[in-house]
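Have a look at the fold below before reading on. The notes that come after it are meant to be read with the model open beside you.

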Amino acid sequence: MIIAANLKTNLTRVQTLEYVNKLEAFLTANNSSQEVLVFPATSSLNTHAGKVIVGAQNAYPTTNGAFTGETGVEQLNEFGIKTILIGHSERRHVLGETQQFIAQKFDFYKQLGFKIVYCVGEPLEIRKSGEANMMEYINAQYVGIDVHYENLIIAYEPVWAIGTGLTPTLEDIESLHAKLKEKSTAPLLYGGSVKLSNIEEVLALKSVDGVLVGGASLIVEDFSQMTAIAQNLQK
Ligand code: PGA
């Protein structure tokens, strides 16, 4: 399965190095066969050889140039980064990225062969407005996205479940994932308040191929344990 940690704007460069090294040692000691991804803050990116795949939380669709404050492929290449998170709800809703821009970014990194973890998910008011509205909202997040891209991983993350401790019921996750599986055969992760106490039941769901973990991934021992739970499930 795919077990991913989104560290967001947390941990320093030194702390991240320690985090990745501890996680790597754990995966090796446990002979883990899980696909483990870690997305550190941009300033904490570093080269890493081993089982842990280090990816960028964000980058601009450019090789280099005049884009103050942004990061391009040239900077990612320095650390051998070939994996990127695109469409995360915080980029959509806090940073104001439009679907058009997200699709442009997707296309740019697809052309370069990056592994793309592409996030979709609805805010609470949309969920409350009914199933049809909710699917319409989520469908719009697929516009301009090549769902057949071979290095694509999709993450379904309801906005209202991110960092809130709230999660949809297991039935709701399963039924929504089943619908998203009809749209793309790419591996499908669930994200939103995944933690040690609920990861097993989420991973056990038929249409869940892994998880994207934010807050609960910050403690490396906990995140390591999550990879072990995935390993034990032998899914
Ligand atoms: P959370 O975040 O696990 O803290 O809810 C998930 C995410 O934003 O990817």
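## About the model

This is a predicted model, in which local features need pLDDT of at least 70, side-chain atom pairs count only at pLDDT 80 or more, and totals for chains, interfaces and linings use all residues. Residues are numbered from 1 along each chain as its sequence is written, and side-chain values use heavy atoms, with hydrogens and water left out.

## The sheet and its helices

Helices (H or I, at least four residues) and strands (E, at least two) are DSSP runs, numbered from the N terminus. Eight strands form an open sheet in the order E3-E2-E1-E8-E7-E6-E5-E4, with parallel pairing; two strands pair if DSSP finds at least two bridges between them. At the edges sit E3 (53-54) and E4 (83-86), each pairing on one side only. Strand E2 (residues 35-39) is joined to E3 in the parallel sense by two bridges, and valine 38 has valine 54 of E3 as its bridge partner.

Helix H4 (residues 99-111) packs on this sheet and touches E4, E5 (115-120) and E6 (152-156), where contact means heavy atoms within 4.5 Å. The direction of H4 makes about 165° with that of E5. Helix H7 (residues 170-183) lies across E5, E6 and E7 (188-191), and runs at about 145° to E7. Axes are lines fitted to C-alpha atoms, for helices over the stretch in contact, and angles run from 0 to 180 degrees between N-to-C directions.

## H1 against H9

The axes of H1 (residues 13-29) and H9 (residues 220-233) come within 10 Å and cross at roughly 30°. That makes H1 roughly parallel to H9 (angles under 35 degrees count as such). Residues in the contact include Tyr19, Leu23 and Phe26 of H1, and Val220, Phe223 and Ala228 of H9. By class, the contact has seven nonpolar, three polar and two charged residues (Ala, Val, Leu, Ile, Met, Phe, Trp, Tyr, Cys and Pro are nonpolar, Asp, Glu, Lys and Arg charged, and the others, Gly among them, polar).

Is leucine 23 buried or exposed? Leucine 23, in helix H1, counts as buried at 0% relative accessibility (buried means under 20% relative accessible area, exposed over 50%, partly exposed in between, with a 1.4 Å probe and protein chains only). Leaving aside neighbours within four places in sequence, leucine 23 is in contact with Val36, Val38, Val52, Val220, Phe223 and Ser224.

Aspartate 107 belongs to helix H4 and is partly exposed, with a relative accessible area of 36%.

Terms used:
Angles under 35 degrees count as roughly parallel, over 145 as roughly antiparallel, 65 to 115 as roughly perpendicular and the rest as oblique.
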